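What follows is a walk through one structure, from a pair of packed helices to its aromatic rings and then to the chain as a whole. Please keep the sequence and the 3D view open while reading.

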Amino acid sequence: MMEAAEMSELLEMKEATIAYLDRSGGLERLVRDCEAFRDSQHSEAIYRLCVCVDPLEMLEVDARLGDWLLHRPLEATAIFQSVCFLAIKTLSLIKKIHTKNQVNVVLRLVHLPPLPGYSLDLREFPRWYGPMRPFLVEGLVIAMTRVTKYTQGARFLCTKATCPCSTGFHHIRVHAPGATESATVRSDFTCKLCSSPLREDVKSRVLGDKQLVEVIHASAVDVLGVGPPCPLRYQAVTLFLRDELCNTMKIGRLYRVVGSPAHVHQWPHVTWSIEANSIQPWVPEGCGAVGSGNFQALVAATACSPWRFSAIVSNTFGSPVVPPGLFNTLKLCLLLSLVQTEGGDSHPFRHLDVLALTNDSLIIDRLMTYSLGFASRGIRHQATRDIVASLSEDEHGAGTANIHGGDALLANSGILLLGDLATYRKDKMDALRSALETRTATVFIPGKKYGEDAGQQLSFPIRCNFWALSDVATATRKFPRGDSSVLGSVEKGLVPAHIVEAFSLVIQCHSDRFLHPLTAHTLRRVVPPREPLLAACDQFTAQDYLELVAAARGLRVELSPQAEKMVHGYYAASRRVRSALSVAALRLLVSVAEAHCKLSLRTRVLQEDAVVAVLLCEASLTLKHGKMQHHHPPPNMHGAVCLNAVAGASALVLPPDALFPCALRDAESLHRRDVALQQLQQQLLQFVCSSSLGTEE
């Protein structure tokens, strides 16, 4: 009676499986997948088929089968195997298939029920001898191996000639989740009929791809940032990726993984790992809009000018570290770099690096460290860590190299703070230069050291912005004078010229140490000013800026025709004066203009945003190449822009602090700044138009 009841239950679940495959389109996909095996010359002992399954939909079709899928996955796979074999034989999809053992079915779970019992928190060190069923894991990829081979399945024959199992496909072994290579291929298997030893039919072995990936809890990267010391200890978990899942994960990115925990026994060690079943990119929920009423009121109050909102935000940013009004251009660049860290596979990442040349490295380092806390992912590089990547031997018996992501890869979609570049050795400066110029992390894996005949070179994209500073007042010289000398008159400290050239924006930040700005700022914080810029300015908190940066980062913007004309016209005009200007300068102009539009909480890039981009890029070019001889503007033309007649330097001659020509103390000072920027805008338009006319002539 028990056997009859079990057979009846299995029959009902097979019928439910057929109903689900027909309802979800699985039968149509099965027919398409079998077309690849219809070739008369294609004959294999094992046929691997992937079936995508939605557990929630399966529970609606049959609750028992859905429960098996979630809690008894091996038995659920056996039911799908029987149904797929029946469909193949009934529809004559593969003529050379003989037994059910030849069908290797892999169930890909789309997702799991959103219940606590189906998720694992990597912070809780979940290594126990529990049931082998699928769980959901969220984590950050910190290391991976290159793709190697493993045995998907093997055919064994009985060594006794009179045994029926000496021919045919009676003994087929396929890989099971969590199993090692020795569980599939070994020399001590015996026949299930006569108990004679089995030998492998080597020609029938089917190989697949395998890759090992180390993931860690997403909050573990905060330890590398600027937060307070963390008493927790994070440990990575190894994922086994097989076949079509290989190369779907990238170092530094977040993923949701459905997989089955398993204990891999490799005497004398036992390793807890996860066999990945399905992988999806994971983007944590962020702030969609500015929740602060202060900034909302500021947007409404500054709607009369496209420049005022970003000016006030930059002026008051970093007030716990530096007084308002100090280093406004640098603070604006830091904010622009912060909001320009959003990008995915469908949206290209806009790089916006910042290098500050200063005579007071302590204050600038504090300001950058404070600003790093507003990044979606901020990492402060330490001398003991690698910038790009490092290699080590795999510890799971794969016999290959394990590639550990450096800080540049781990800071994906975020900021990497390098600190003072004068403290870096030559090898790190070379690695930094390569990362800045190519935006890729290149790793060479020597073949002989890691069990391969030839070496292999792998490249990983770098998707982060770099922040750094150079102390121009340092007395010691780490580099020879010929390496650190500049083309113009601006002192760059100990940083080689080619490193400075690789940064997007270079800002000069000089302060008078004898005025003790930090002390004066502390006193001003005790005594409130008489007339603030706006009533809300006194109430801007760090949380307000966090919401502002998060909201601006998620905006999708588009160039207006006026902004596009300004950017492309300026680039074409500058190429006439500076022939060495590369296409990267055009991408930088677009990136800065889009960032200023985002910071202003707009979705359409205006011509005024392009003006800010031109002014910042021109200031950077002046610092990189120095000021050359030029025509002086008329004394009555404030903020005039003049054409530079010498190639190789900045194409324009701008007044000092063009973006912040005056201190922002009240509404009148904001108006004077708008007037100065409007004059610069008209001069830039004249420069673009005159250059285009000269080209036509």
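An axis here is a line fitted to C-alpha atoms, for helices over the stretch in contact, and angles run from 0 to 180 degrees between N-to-C directions. Two packed helices are described by the angle between their axes and the distance between the axes. The model is a predicted one.

With that in hand, take helix 8 (residues 308–316) and helix 9 (residues 328–339), which pack at an angle of about 105° with their axes 8 Å apart. Angles of 65 to 115 degrees count as roughly perpendicular, and helix 8 and helix 9 are therefore roughly perpendicular to each other. On the helix 8 side the contact is made by Ser310, Val313, Ser314 and Asn315; helix 9 contributes Asn328, Lys331, Leu332 and Leu335. Sorted by class, the contact of helix 8 with helix 9 has three nonpolar residues, four polar and one charged.

The aromatic side chains come next. Rings of Phe, Tyr and Trp pair if their centres lie within 6.5 Å, and by this rule the count comes to eleven aromatic pairs. In one of them, the ring centres of Phe374 and Tyr545 are 6.3 Å apart and the planes stand at 75°, so the pair is edge-to-face. Where do Phe374 and Tyr545 lie? Phe374 is in the loop between helix 10 (361–372) and strand 13 (378–380), whereas Tyr545 is in helix 16 (residues 542–553), so the pair ties together parts that are 171 residues apart in sequence. Both Phe374 and Tyr545 are buried.

Tyr545 also pairs with Phe540: their ring centres are 6.3 Å apart and their planes at 80°, so this pair is edge-to-face. Phe540 is buried, as is Tyr545. Ring pairs link these residues into a cluster made up of Phe295, Phe309, Phe317, Tyr370, Phe374, Phe540 and Tyr545.

The charged end of Arg155 sits over the ring of Phe169, 4.4 Å from its centre. Arg242 lies over the face of Tyr150, at 4.6 Å from the ring centre.

Now consider the whole chain. Its secondary structure comes to 20 helices and 24 strands. Of the 697 residues of the protein chain, 52% count as buried. How many of the contacts between residues at least 6 apart in sequence join residues at least 24 apart? In the protein chain, 72% of them do.

Terms used: Residues are numbered from 1 along each chain as its sequence is written. This is a predicted model: local features need pLDDT of at least 70, side-chain atom pairs count only at pLDDT 80 or more; totals for chains, interfaces and linings use all residues. Side-chain values use heavy atoms; hydrogens and water are left out. Rings of Phe, Tyr and Trp (its six-membered ring) pair if their centres lie within 6.5 Å; planes under 30 degrees apart count as stacked, over 60 as edge-to-face and the rest as tilted. Helices (H or I, at least four residues) and strands (E, at least two) are DSSP runs, numbered from the N terminus. Buried means under 20% relative accessible area, exposed over 50%, partly exposed in between (1.4 Å probe, protein chains only). A charge sits over a ring if NZ of Lys or CZ of Arg is within 6 Å of the ring centre and within 35 degrees of the ring normal. Angles under 35 degrees count as roughly parallel, over 145 as roughly antiparallel, 65 to 115 as roughly perpendicular and the rest as oblique. Contact means heavy atoms within 4.5 Å. Ala, Val, Leu, Ile, Met, Phe, Trp, Tyr, Cys and Pro count as nonpolar, Asp, Glu, Lys and Arg as charged, and the others, Gly among them, as polar.
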